[in-house]
Amino acid sequence: MQFLSKKEIHLREILPEGYVDIHSHLLPAIDDGVKTVYQSAYIIEQFEKLGVKKIITTPHIMQEVWPNTSETIRTKHTEMQKALSSLDINVTLEASAEYMLDDLFYKRIKEKDIIPLHQRYLLVEMSTFNPPINLNEILFEIKLAGFTPILAHPERYSFYKDDINKFIQLKESGFLFQLNLLSMSGYYGEKVKNMAAKLLTEKLFDFAGSDVHNYQQFETLEKGFIPKYAKEISKLMRQNCSFS
Ligand SMILES: [Fe+2]
């Protein structure tokens with residue numbers, strides 16, 4: 001493999017034409033992501049320089065911390081689109097959300113108050129301490145509403161204690177898996193990186209995402225990955241082209 005002679009593979013070397021990023025926090029001041037329009041526009045411009053033409057950004061909706069409404073997200077999205085167009089940044093910016101599987105989400109899905117990702121998908125996350133006790137009921141409601149859930153960064157759910165069967169069960173129950181590219185950069189530590197590598201080797205991921213919240217994370221992401229995983233990551237990123 002051509003990558004093996006190199007120490008590190010930069011993201012730009014493996015980014016497929018048509019890659020769509022489906023996980024980021026680039027709407028200003030509504031979650032723990034970027035704070036200002038400037039910060040958002042700057043990061044989006046860096047993505048454009050890498051060759052990314054479309055970003056579906058996904059602010060948190062989390063009952064206890066960031067109970068964003070569909071309205072707050074749409075308003076910020078429109079504001080950012082206007083800023084990008086006046087700055088001549090030509091990345092298509094769409095907005096969805098990263099839904100925490102909590103009581104607020106349960107209420108929203110029952111009321112069909114949802115901003116889907118690419119029409120039929122929902123990006124969802126769990127607490128990093130434990131899965132929701134009513135996980136099956138929530139999954140039922142998601143399917144009933146006609147959506148396919150994409151579970152964000154399964155490699156970060158350490159409560160499954162590296163038990164690959166737990167992840168296989170989740171997939172069999174109907175979740176698709178999204179790898180955080182930052183996990184492969186070692187950003188969340190060795191444990192998460194190893195879990196990500198394991199799930200990647202087992203071919204359990206369906207999509208990739210940056211999960212970028214700020215410029216520092218973008219820089220880490222851009223630096224790339226160790227060559228061993230570059231081919232698999234590149235293959236996975238190609239699956240994101242279906243969101244174009
Ligand atoms: Fe996220």
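Modeller: Let me begin with pairing: two strands count as paired if DSSP finds at least two bridges between them. Please keep in mind throughout that this is a predicted model.

Biologist: Why are β1 and β4 (92–95) called edge strands?

Modeller: The sheet in question is an open one of 3 strands, in the order β1-β2-β4, with parallel pairing. Each of β1 and β4 pairs on one side only, and that is what the word edge refers to here.

Biologist: How do you know that β5 (residues 98–100) and β6 pair, and what can be said of β6 and β7?

Modeller: Against the requirement of at least two bridges, β5 and β6 have 3, in the parallel sense, and β6 and β7 have 4, also in the parallel sense. Particular partners can be named as well: Glu98 is bridged to Leu123 in β6, while Leu122 stands opposite Pro149 in β7.

Biologist: What makes β6 largely enclosed by the rest of the structure?

Modeller: A residue is called buried if 20 or more other C-beta atoms lie within 10 Å of its own. In β6, 4 of the 5 residues are buried, so the strand is largely enclosed by the rest of the structure. Strand β7 (residues 148–152) is likewise described as largely enclosed, because 4 of its 5 residues are buried.

Biologist: Is Leu176 buried, exposed or partly exposed, and how do you know?

Modeller: Leu176 has 18 C-beta neighbours inside 10 Å; burial would need 20 or more, and exposure 12 or fewer, so Leu176 counts as partly exposed. Leu176 is found in strand β8 (residues 176–180), and, leaving aside residues up to four places away in sequence, Leu176 touches Thr148, Ile150, Leu151, Asp206 and Phe207.

Biologist: And how do you classify Asn240?

Modeller: Asn240 has 23 C-beta neighbours inside 10 Å and therefore counts as buried, the cut-off being 20 or more. Asn240 is placed in the segment after α10 (227–239), and its contacts, not counting residues up to four places away in sequence, are with Tyr19, Val20, Ile22, Phe207 and Ala208.

Biologist: Why is α2 called oblique to α3?

Modeller: In general, two packed helices are described by the angle between their axes and the distance between the axes. For α2 and helix α3 (residues 70–86) the angle is about 60°, with the axes 10 Å apart. That makes α2 oblique to α3, since roughly parallel would need an angle under 35 degrees and roughly perpendicular one from 65 to 115. The contact has 6 nonpolar, 1 polar and 1 charged residues, with Val37, Ser40, Ala41 and Ile44 in α2 meeting Glu79, Met80, Ala83 and Leu84 in α3. The crossing of α2 past α3 is right-handed.

Biologist: What is the relation of α4 and α5 to each other, and why?

Modeller: Helix α5 (residues 135–144) packs against α4 at an angle of about 25°, with the axes 9 Å apart. Because angles under 35 degrees count as roughly parallel, α4 and α5 are roughly parallel to each other. Their crossing is left-handed. Tyr106, Ile109 and Lys110 of α4 make the contact with Ile138, Glu141 and Ile142 of α5, and these residues divide into 4 nonpolar, no polar and 2 charged.

Biologist: What makes the phi of Ala29 worth a remark?

Modeller: Most residues other than glycine have a negative phi. The phi of Ala29 is near 60°, a positive value in a residue that is not glycine, and His118, also not a glycine, has a positive phi of about 50°. Ala29 is in the loop between β1 (20–21) and α2 (37–50), whereas His118 lies in the loop between α4 (103–111) and β6 (121–125). With 13 other C-beta atoms within 10 Å, Ala29 is partly exposed, and His118, with 17 such neighbours, counts as partly exposed too.

Key: Residues are numbered from 1 along each chain as its sequence is written. This is a predicted model: local features need pLDDT of at least 70, side-chain atom pairs count only at pLDDT 80 or more; totals for chains, interfaces and linings use all residues. Helices (H or I, at least four residues) and strands (E, at least two) are DSSP runs, numbered from the N terminus. Two residues are in contact if their C-beta atoms, placed from the backbone, lie within 7 Å. Axes are lines fitted to C-alpha atoms, for helices over the stretch in contact, and angles run from 0 to 180 degrees between N-to-C directions. Angles under 35 degrees count as roughly parallel, over 145 as roughly antiparallel, 65 to 115 as roughly perpendicular and the rest as oblique. A crossing is left-handed if the near helix is turned anticlockwise from the far one by less than a right angle, and right-handed if clockwise. Ala, Val, Leu, Ile, Met, Phe, Trp, Tyr, Cys and Pro count as nonpolar, Asp, Glu, Lys and Arg as charged, and the others, Gly among them, as polar.
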